[in-house]
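Take a look at the model below. The text then walks through it step by step.

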Amino acid sequence: MSVRDERSRPAGPRVRVQGRPVDSHPALPPEAARGSVRRVTVVGEEVLSRPCRDVTEFGTPELSALIDDMFLTMYVAEGAGLAANQVGVDLRLFVYDCPDDEGVRHIGHLLNPVVDLPGPADRRLLDDYEGCLSVPGAGLPVPRTDRATARGLDKDGNPLVIEATGFFARCLQHETDHLAGHTYLDRLSRRDRKNALRQMEANREEVFAQRATRAAALGK
């Protein structure tokens, strides 16, 4: 994703926060402004390869701080989504700031998510480029359905239903995969997986340097 500026911009129906349209929202959300940068885990680390635990305690300061940190870490890494195990935390939680194919910006967090996909008769797969903050510097096409519905809870335990199309639907599927202990590499052929790992090896140091520069620019 491209670097975002920090100016507040009009939103109207073009921005949805926690699935609801809002009148305005800053380019850098308040969660990120409150957060601290955490290290992003890298493919091969054990926390990324096991299913995460359900969140069972809601409305706590610790949970709010984790979400704030995840938002800031996502922006520093210039991502569209980030799962808790990508910052080393074994909980079923992800955050996102992701556009759909109509240009609507979707921002929020979701705990204990379940993603419903269209049935085989209604399913349309798109083979599109996908990257991952835990596979730095690599990206390959991955088939995903073009629509998804995510059901879960917010940080206070309130139920949420998020409808998604296009790239945002891809994001929800990608992040939910993380919470099940999978990365997009698991959806690739052996040959493509090796290709992605070669890309990561060649590019990861440059990616890490860019993240450090971005963090410094944000004063973090």
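In helix 2, the buried residues are Leu 63, Leu 66, Ile 67, Asp 68, Asp 69, Met 70, Phe 71, Leu 72, Thr 73, Met 74, Tyr 75 and Val 76. That makes 12 of the 16 residues in this helix, so helix 2 is mostly covered, with buried meaning under 20% relative accessible area. Keep in mind that the model is predicted.

Helix 2 runs over residues 61-76. From its first C-alpha to its last it reaches 23 Å, close to the 22 Å expected at 1.5 Å a residue. Just after helix 2 comes Glu 78, with a positive phi of about 55 degrees.

What do the buried residues of helix 2 pack against? Their partners are helix 1 (30-34), strand 5 (81-83), strand 6 (93-99), strand 7 (105-116) and helix 4 (190-217).

The largest nonpolar core has 28 residues. Leu 66, Met 70, Phe 71, Leu 82, Leu 93 and Val 95 have the most contacts inside it. Strand 2 (15-17), helix 2, strand 6 and strand 7 each give two or more residues to this core. Helix 2 gives the most, with nine residues.

Among the residues it touches are Leu 63, Leu 66, Ile 67 and Met 70. Leu 93 also touches Leu 82, His 109, Leu 111 and Leu 179, among others. A second, separate core has 17 residues, including Ala 80, Ala 83, Leu 110 and Ala 148.

Now move to helix 3, residues 166-179, where His 174 sits. Is His 174 buried or exposed? Its relative accessibility is 7%, so His 174 counts as buried. The side chain of His 174 makes a polar contact of 2.6 Å with the side chain of Glu 130. Leaving aside residues up to four places away in sequence, His 174 touches Glu 130, Gly 131, Cys 132, Arg 144 and Tyr 184.

Cys 132 leads on to the cysteines. How many disulfides does a search of the whole structure find? The count is zero. For Cys 132, the nearest cysteine sulfur is that of Cys 171, 11 Å away. Cys 132 has a relative accessible area of 9%, so this residue is buried. Cys 171 is buried as well, at 7%. A disulfide would need the two sulfur atoms within 2.5 Å.

How values were computed. Residues are numbered from 1 along each chain as its sequence is written. This is a predicted model: local features need pLDDT of at least 70, side-chain atom pairs count only at pLDDT 80 or more; totals for chains, interfaces and linings use all residues. Side-chain values use heavy atoms; hydrogens and water are left out. Helices (H or I, at least four residues) and strands (E, at least two) are DSSP runs, numbered from the N terminus. Buried means under 20% relative accessible area, exposed over 50%, partly exposed in between (1.4 Å probe, protein chains only). A polar contact is a pair of N or O atoms within 3.5 Å; within protein, one must be able to donate a hydrogen and the other to accept it, and residues adjacent in sequence count only if both atoms are side-chain atoms. Contact means heavy atoms within 4.5 Å. The expected span of a helix is 1.5 Å times one less than its number of residues. A nonpolar core is a set of buried Ala, Val, Leu, Ile, Met, Phe, Trp, Tyr and Cys residues joined through side-chain atoms within 4.5 Å.
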